[in-house]
Amino acid sequence: MIGEIESRSKSYVYFITMATNEPEHEHRDVEEAGANEDEDTGAQVAPIVRLEEVAVTTGEEDEDAVLDLKSKLYRFDKEANQWKERGAGTVKLLKHKSTGKIRLVMRQSKTLKICANHFVTQGMSVQEHVGNEKSCVWHARDFADGELKDELFCIRFASIENCKAFMQKFNEVAESEVEKEESRDASDTAGLLEKLTVEETKTEEKPVEKEKTEVEADEKKKDEPEKAGEEKKTEEASPST
């Protein structure tokens, strides 16, 4: 009986020992395999297809951003009579370096697809959306889809401050366009008046020159008989040969 217990005890101890050693052996094998995988063989694999760098133009190279804010844009669908999302991304007000014109451009953050693309012109205005201080609305002749369309846009920002900043800058640009148009009209009017004044002056100068010419012609006619009489007297006075 005692011998049988000792035999079982030895078997149990052997089993425990083997069970304890096997994971260590397996762990050692895994580490060795990982080390072999990380080992640099020095082999170089050439790419199957060689890609060349391509210059990508956005159309914004000649413009400077005067406003740049993250937002989400919606357009009003008249047929469905509801707002539909155009995309989430960054809305920009871009000023052209040469012409000074400012346009609104918005692209989707992931695809960079254009959501809105139109000039900010005189007569345009943006207003706060009723019931939401983080949103505002405006009308525009938009060219995002490749053709001019009358759109009603609604844009939503993450904060009230960003919404107010957008509204203030948008309205400032629209008002400055009105001033520029008035200045251009004033310049055109001044140029036209100046042109008319010059033409009137030239018209007034022409009769004076004509009268002067006529007076000289009359004096010449009066002088001709006198010269003829003097020549005749001279001939009569001269001695005959």
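This briefing covers aromatic rings and the nonpolar core. The model is predicted. It holds 6 aromatic pairs. Its largest nonpolar core has 25 residues.

**Aromatic pairs**
- Phe76 and Trp83 pair edge-to-face. Their centres are 5.3 Å apart, with 70° between the planes.
- Phe76 has a relative accessible area of 22%, so Phe76 counts as partly exposed. Trp83 is also partly exposed, at 32% relative accessibility.
- Phe157 and Phe166 form a tilted pair. The distance is 5.4 Å centre to centre, and the planes stand at 45°.
- Phe157 and Phe166 are both buried.
- Phe157 and Phe166 also belong to a cluster linked by ring pairs.

**A charge over a ring**
- Lys101 places its charged end over the ring of Phe119. The distance to the ring centre is 5.8 Å.

**The largest nonpolar core**
- Leu104, Trp138, Ile155 and Phe166 touch the most other members of this core.
- Strands S1 (63-77), S2 (82-96), S3 (102-108), S4 (114-119), S6 (135-142) and S7 (149-156) each give two or more residues to the core. Helix H2 (160-237) does too.
- H2 gives the most, with 6 residues.

**Contacts of Phe166**
- Neighbours within four places in sequence are left aside here. Phe166 then contacts Leu67, Leu69, Val91, Leu104, Val126, Cys136, Trp138, Ile155 and Phe157.

Notes
Residues are numbered from 1 along each chain as its sequence is written. This is a predicted model: local features need pLDDT of at least 70, side-chain atom pairs count only at pLDDT 80 or more; totals for chains, interfaces and linings use all residues. Side-chain values use heavy atoms; hydrogens and water are left out. Rings of Phe, Tyr and Trp (its six-membered ring) pair if their centres lie within 6.5 Å; planes under 30 degrees apart count as stacked, over 60 as edge-to-face and the rest as tilted. Buried means under 20% relative accessible area, exposed over 50%, partly exposed in between (1.4 Å probe, protein chains only). A charge sits over a ring if NZ of Lys or CZ of Arg is within 6 Å of the ring centre and within 35 degrees of the ring normal. A nonpolar core is a set of buried Ala, Val, Leu, Ile, Met, Phe, Trp, Tyr and Cys residues joined through side-chain atoms within 4.5 Å. Helices (H or I, at least four residues) and strands (E, at least two) are DSSP runs, numbered from the N terminus. Contact means heavy atoms within 4.5 Å.
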